[in-house]
Amino acid sequence: MFNAITASESRLEGACTCTHDVARFLMEIVELQGRVIKCYGRIGDTQWMIVDDGLLLTTGPDNVFSTFHDTTAHLVWIEDAAGEESFTIEQLLDWSFPAGDGSIIDTLRSLKIAIDVGLRVERVISLCTDSGLHAFPPNEVPVSDSLDGYWSKGLHAFGLVFFQSSVTGYLCLETLHLFIQGLDWRYSGHPWFKMDPRLAMPPYTEYVLFVGQDDAKVLSIDGNEKRYCLCLDLMFGSFERWATGKLFHHAFKTSDWENEPYYNSKESLISSLKVWRAILAHRDWKTLYVELCKDTYEPYSEYATWPKLFKEFEQADFLEVREAIQCLYDWVSAALDAAGGVYAYFVR
C-alpha cells in the first residue's frame, strides 16, 4: 500500500511499490477523474502534469513492477501549485528542477517541454494490457483487455476518455508515461510492434526501423515526428518472441552504438525476405524445414544453415511466429517500395 504523507498543507507524497498503489494515488489523492489535464512533460526521469491548478510530479521505478525487483515509484501531488517556488520542490525530492524566479508552473512552461492538452477527464478505464497503444483507442478496447476497476488484479494502465473529444489518453502505471492519442496515432495491430514514433523509447521499444533520407537522425518522441516507422518490442519471454527476434536480427544490421541509425539497402535484405516469404507460405515447422533444405536459400550464417536454426525453433508456436513475420514483412515491403531501404537502430 502506498504511504501518503503530508509534507505541507497542500503537498502529498506517495511511495508506490505496485501499479495498484499508483492507481490509488491518482484516483484517491489526485482525484484524476473529472479534472482537467492542462499540460504535461518530462525532465530526465521525472514526469510532470498540471491538473487543474495542481501539479503532479512522478518518477517511475528503475525496473517495471514485478515480484523479482524491489522497485518504488515516487509521486508528489501539490493541490495548489500556483504559488510554489521551484526550489522548494527540488528540496522536497531532490529532483533536478532548475531554480528560478516565479512559480514551478512558470518554470516548467519556460523549459519548452510542455505538451498542451486542455481536456477534462470524463472516465478512467482500467486496462490489463497495452492494446491501447498498438491495437485500438483505449475507449474501444475489448472487454477481455479491461478490468472492473483500479483495484482489480492484473492492472497495467489507465485509458482516459475526455469530455466532448475524439482524443483519448493512455497512462502507463508502470512507467508513469502519459500519451495523448488523437486521430494521428498509428496502430500496428500486433502486440510485439508499435508504429507510433512517440513509443520509440524504452521500455516500449528495443529496436526501431524507419524510412528516412540520407544522414537520417533518430526519431523524435515529442509528437511531431512524421516519418514512417516500426518499433520492435523486447523479444524475450517466450519461444515465439525469441524466434521472431532471431529472424529480425538476421535481416537488419545496426550500428554498434545506441541511437545511431544504420542504413539497410533493399539488396541487403533480399535473402532474408525470401526466407520470410517461405515462412508465410507454410503452416508448420516440418514442411518449412523441407523447403529450406533446398540449395536455393543462402545459409543463415557461416556456421549454421536455416534448417539447423529452425530445428531450434520447433518449440515455438509456428502460427504465432508466422503472424508476427507477416506484420514485419508487410511493413518492410511497403517501406522498400517507398524508399528502397530502411534505417535501423537500437535504443537503451
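Hi everyone, let's start at a loop: P203 is found between β11 (193–194) and β12 (207–210), where helices (H or I, at least four residues) and strands (E, at least two) are DSSP runs numbered from the N terminus. A cis peptide bond joins P202 and P203, with omega at about 0°.

Before going on, a word on the model: it is predicted, so local features need pLDDT of at least 70 and side-chain atom pairs count only at pLDDT 80 or more, while totals for chains, interfaces and linings use all residues. Residues are numbered from 1 along each chain as its sequence is written, and side-chain values use heavy atoms, with hydrogens and water left out.

Another loop to look at is the one between β4 (46–51) and β5 (54–59), which holds D52. D52 is not a glycine, yet its phi is positive, about 55°.

Now to the helices. Which helices does α9 pack against? One of them is α6: the axes of α6 (residues 266–280) and α9 (residues 318–339) come within 10 Å and cross at roughly 145°. Axes here are lines fitted to C-alpha atoms, for helices over the stretch in contact, and angles run from 0 to 180 degrees between N-to-C directions. The crossing of α6 and α9 is left-handed, meaning that the near helix is turned anticlockwise from the far one by less than a right angle; clockwise would be right-handed.

On the α5 side the contact has E240, A243, T244, L247 and F248, and on the α9 side E320, V321, A324, I325 and L328.

The structure holds 11 salt bridges, each a side-chain nitrogen of Lys or Arg within 4 Å of a carboxyl oxygen of Asp or Glu. One of them joins E79 and R35, at 3.1 Å from N to O. E79 sits in the loop between β6 (73–78) and α2 (86–93), and R35 in the loop between α1 (19–29) and β3 (36–43), 44 residues apart.

Last, a charge over a ring: K274 lies over the face of Y297, 4.8 Å from the ring centre. The cut-offs are NZ of Lys or CZ of Arg within 6 Å of the ring centre and within 35 degrees of the ring normal.

Conventions. Contact = heavy atoms within 4.5 Å.
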